Amino acid sequence: MPINVTPVDPARSIGGLMRLANILLPKFIAAARFDAKAYSTGTAGLFNKAQLQRPADWVTYAQDTINRCQLIVEETVTAPASAGTIQSLDDISDHLCQVYDAAEFCRNAHSNTEWRQQALQAVMVTAKYIQELNMHQGLYSAVVRSLQHYDRLQSHSSATSSSQDSLTSQQGSVPEEQGYNAETVIVGRALQKDFEQRGVHLDSHGQQQALQMSEDIATLGMAITQNASDSSRMGAVHVPDGVWVEELSLSWRNHMNTQLSVLGSKSKFMMHSDGGTGHLMAPQLVPLDQGSVNGIVQNVNDEGVRQQVWLASRQTPAENKQAIVDFCILRRDFAQLLGFQSHAHLQAGMASLAGTPDAVVSFLDQAHVASRDKAAEEYDVLRQRKKKLMGSDSSPPQQWDRAYLMGAIKAHRTIDSNVFLHLSLQDCLRGLGAVLKQLTGILLEEVPMLPGESWAPGVQKMLAVHETDGQLGVIYLDLFPRQGKFGQAAHFTLRCGRQLKNDEYQTPVIALACNFEQSHAWLTHHNAATLVHEFGHALHSLLSRTQYQHLSGTRGAMDVIEVPSHFMENYVNDARTLPLFMPDSNKVSTARKAEAMAKQVKQDRHMFGALDLETQVCHSLMDQMFHSSEPPQSQAAAADALHDIWSNYSRFPSQTDHLPHLRFAHLVNYGGSYYSYAYAMCLASSVWEKLFQNDPLSRHAGNALRHKLLRPGGAKDPKDLIKGVLGRDFLQQAGGGYMPLPDGLLHHYGVPTAA
């Protein structure tokens, strides 16, 4: 059955892991070297799961859960058609997700090698069973029968009542004893659609085709993402002697030397003083991983070297040139096998606000047209700076000039002495608690870990308790880096919320993982924004209240679920709320520092905001192009299509050998949905401006946010969800789907809009 497992990133597909677990295992074991103490040795069990007393318990827990689910499967496929069928499938999904999601987090975060290895085994065992259920003809037929039974009941009810003139009233007319309600129908329709998007409804030949294509897509997708993240595949280029650079930090130079060793080179990144303010690079290799490339294009004065390094980095990893072409053709063919025009149409046909790829392109086009004038102004600022630095006859700014010129401009601006460069982690957590309390009545209470519950030193456990509704759930905070830990910031749902049969509510369990420097426990503003962003995801999970876990929290429309996280970032950007995240020893001084910091943050985001928006549009259109009904059929065709996008949508001159897709793993993870970032930023900005601009801590506005946007989870059509918060006139019909007014996105990037 289509189990809705919660991925590390809400947009990340689990298909590759489900089908290629046997590939991951040897690589994971080979990479594991850290043998910390196995912390789960007490009676509570890891994550407060009594089943997990020791590492080997993972596979036992997984197999026991599978056996339990198999009994439900056998009962469901033979039971008479009823609403109970939908509940049974949700029960199966909940049981399996509690294993899979917790194991997925454990393998990404536990400090002990054996725990990580055994969690990966549990992921593989569970994923294999999930794959079998996803193609289970009996379960699919049971869902179809249940929905047909509902339709018959509805038809009979409609025939006997002339007052039922809408879907909502019709659903309400179904006798309660039959067990159907609006959520039941939503979940049932979603399950049927999910089954069919895996090909279970096809004939036997079609099913075999679908299965083989799915496996091929997963194999290629895994290879593409591994290539894009493997620095040893990026290569290196030689740079000439005597290249002048700005000061490069020791950590950056150490990073480059580490990457050179990964490439098997004995070269060292060397610099020596030129006797003045700068430094000269000795002749050497420069590795082409993104961190090293950023160091060069931001700091090297010589445009020829910046160009050489930047263009070389746009040609690697070379293995992805053909792999991405083949991958996107396969996705198109699979979508067409299922009856869709393209993979982008398949994605949009799932729960989404946009509804169609044409609506997405219309939105991106409107945003681009509205930002063109400001982009031209920003580009001219870069042009003038380049002339000043490199002479009046210098060429127009190129893409390899971008970071260097922007850095030069920002380096010469006046910085208010009141600006706080860092925020205390504890102050940030305290500020978050204050915001949540005033906004929604949630109290965050740190409680001690139970014996055996934790997976690493320093993990914190917070209870989220509402002032009237009681406990909402548990949040684990795993905020510091360590060997073997997932290297990015992410929100993991270890258990979804849902209504239980005994009238109790299963509260969610959330883990937030970040990688802040532990040595000083101070956060840059960017890190503070990351923390509140991830808390936005947690807030969505905590405040969602749905009957089915299939609809809980972030399990909704891809282009809507990022709204709460982007929205929460406002609280560390607004001068009125920033003091909550700062020391409160002197209110006047704190307010002055908050004002200066908020002004600086806004200036940084808006200074070249239109050019940044252009990049967002280009990447989104690139994703749409590769997942269209006519994806490029060759490497040359892909290069031509990319050249056309950047020529039409970027202010910087397009380069024929600019291949940004080679490292853009989002093509695999998002697959036609990368535009969701732009939609979510637009919606979040619009929610802030409509409800919170006058009072960012308004309880009235907070309750509206809670009940209209967060509480429904995925149990409400995304169009109705957004209209309920922002008004019926906010969405525009476009290309057979819906798009938000782009003003919120333009405001985010500091682009003026029509009055």
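Two strands count as paired if DSSP finds at least two bridges between them. Keep that in mind for the first stops of this tour of a predicted model.

**Stop 1: a strand pair.** Select β10 and β13, residues 509-513. The two strands run antiparallel to each other and are joined by five bridges. Now pick out Thr-493, which stands opposite Ile-510 in β13.

Stop 2

**Stop 3**

Stop 3: Rolling a probe the size of a water molecule over the atoms shows where empty space is left. The second largest pocket holds about 440 Å³ of space. To find the pocket, select Asn-48, Lys-49, Tyr-61, Gln-98 and Arg-495, the closest to its centre of the 23 residues that line it. Which elements each supply at least two residues of the lining? They are α3 (57-78), α4 (83-109), β8, β9 and β10. The largest share, four residues, comes from α3. Colour the lining by residue type to see eight nonpolar, seven polar and eight charged residues.

**Stop 4: Arg-663.** Select Arg-663, in the loop between α22 (635-649) and α23 (666-669). Not counting residues up to four places away in sequence, Arg-663 touches Ala-228, Met-234, Leu-288, Asp-289, Gln-290, Ser-313, Thr-316 and Pro-317. Take Gln-290 from that list: Arg-663 and Gln-290 are 373 residues apart along the chain, yet their C-alpha atoms are separated by 9.2 Å.

**Stop 5: confidence.** Finally, colour the chain by pLDDT. The mean is 88, and 87% of the residues reach 70 or more. Where is confidence lowest, and where is it highest? The lowest is in helix α2 (residues 21-31), at a mean of 32, and the highest is in helix α21 (residues 609-626), at 98. Over residues 4-41 pLDDT stays under 50, and the model has 106 contacts beyond four places in sequence for them. Residues 162-172 also stay under 50, with 12 such contacts in the model.

Note on methods
Residues numbered from 1 in each chain as written. Predicted model: local features only at pLDDT ≥ 70, side-chain atom pairs only at ≥ 80, totals over all residues. Heavy atoms only, no water. 1 Å grid on protein atoms, 1.4 Å probe; cavity = no way out; pocket = protein on both sides within 12 Å on 5 of 7 lines; lining within 4 Å. Points joined across faces, edges and corners; volume = space filled by probe spheres on them. Nonpolar A, V, L, I, M, F, W, Y, C, P; charged D, E, K, R; others polar. pLDDT = per-residue confidence, 0-100. Contact = heavy atoms within 4.5 Å.
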